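Here is a short report for a first look at this structure.

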Amino acid sequence: MKSSYKFKTLAKSTPHNGQQNWLVDPLSVVFYFPFLVSLGAGASLSAKHHKINKFSGDISYPLYMTHYPFMWVFANYVVAKQPSMTQLAWVVPISTILLIILAYLVSEFMDLPIRRYFTQKLKSAAKRKS
């Protein structure tokens with residue numbers, strides 16, 4: 001078993017009773033989570049997973065930006081309609097796929113063009129200074 005899997009499992013298995021834990025929470029934030037990030041930073045990328053990893057990385061920020069309002073829509077849907085588990089078995093995967101498509105579109109038509117624009121501005125400003 002890989003060590004990173006053990007550490008991720010450990011973070012999920014910390015006791016949680018709905019109250020803030022004054023010892024575990026600060027220790028997790030200061031030591032444990034930076035340790036997890038360092039494990040990921042040292043990971044190597046296999047060639048067969050390159051495309052999916054690149055795609056996931058490209059849409060991660062747009063997905064982060066766009067998912068929150070849809071969580072509210074989904075929560076209101078569940079409260080108002082009280083769908084069965086069979087209905088949710090269809091709604092959740094379809095909604096997830098639609099959110100990934102939306103994140104891709106936001107990435108391609110908003111995020112990447114804005115990043116290119118500001119990168120170009122920074123490069124031209126740096127050239128003027130030198």
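R115 is partly exposed, because its relative accessibility is 44%. Partly exposed lies between two limits: buried means under 20% relative accessible area and exposed over 50% (1.4 Å probe, protein chains only). D111, at 12% relative accessibility, counts as buried. R115 and D111 form a salt bridge, with the closest N and O atoms 3.0 Å apart. A salt bridge here is a side-chain nitrogen of Lys or Arg within 4 Å of a carboxyl oxygen of Asp or Glu. Both residues lie in helix α4, four residues apart, about one turn of the helix. Helices are DSSP runs (H or I, at least four residues), numbered from the N terminus.

This is a predicted model: local features need pLDDT of at least 70, side-chain atom pairs count only at pLDDT 80 or more, and totals for chains, interfaces and linings use all residues. Residues are numbered from 1 along each chain as its sequence is written, and side-chain values use heavy atoms, without hydrogens or water.

How many salt bridges are there by this rule? The count is two. K54 and D58 form a salt bridge, their closest N and O atoms being 3.1 Å apart. They are four residues apart in helix α3, so about one helical turn separates them.

The whole structure holds six aromatic pairs. One of them joins F55 and Y104, which are tilted, with 6.0 Å between centres and 35 degrees between planes. Rings of Phe, Tyr and Trp (its six-membered ring) pair if their centres lie within 6.5 Å; planes under 30 degrees apart are stacked, over 60 edge-to-face, and the rest tilted. This pair links distant parts of the chain: F55 is in helix α3 (residues 50-81), Y104 is in helix α4, and 49 residues separate them. Y61 and Y64 are also tilted, because their centres are 6.1 Å apart and their planes at 35 degrees. They sit three residues apart in helix α3, so about one helical turn separates them.

The table lists accessibility for residues of these pairs.

| Residue | Relative accessibility | Class |
|---|---|---|
| K54 | 45% | partly exposed |
| D58 | 34% | partly exposed |
| F55 | 29% | partly exposed |
| Y104 | 36% | partly exposed |
| Y61 | 42% | partly exposed |
| Y64 | 57% | exposed |

Now the buried site. S28 is found in helix α2 (residues 24-41). S28 is buried, with a relative accessible area of 14%. Leaving aside residues up to four places away in sequence, S28 touches F33 and P34, where contact means heavy atoms within 4.5 Å.

Terms used. Helix = DSSP H or I, 4+ residues; strand = E, 2+ residues; numbered from the N terminus.
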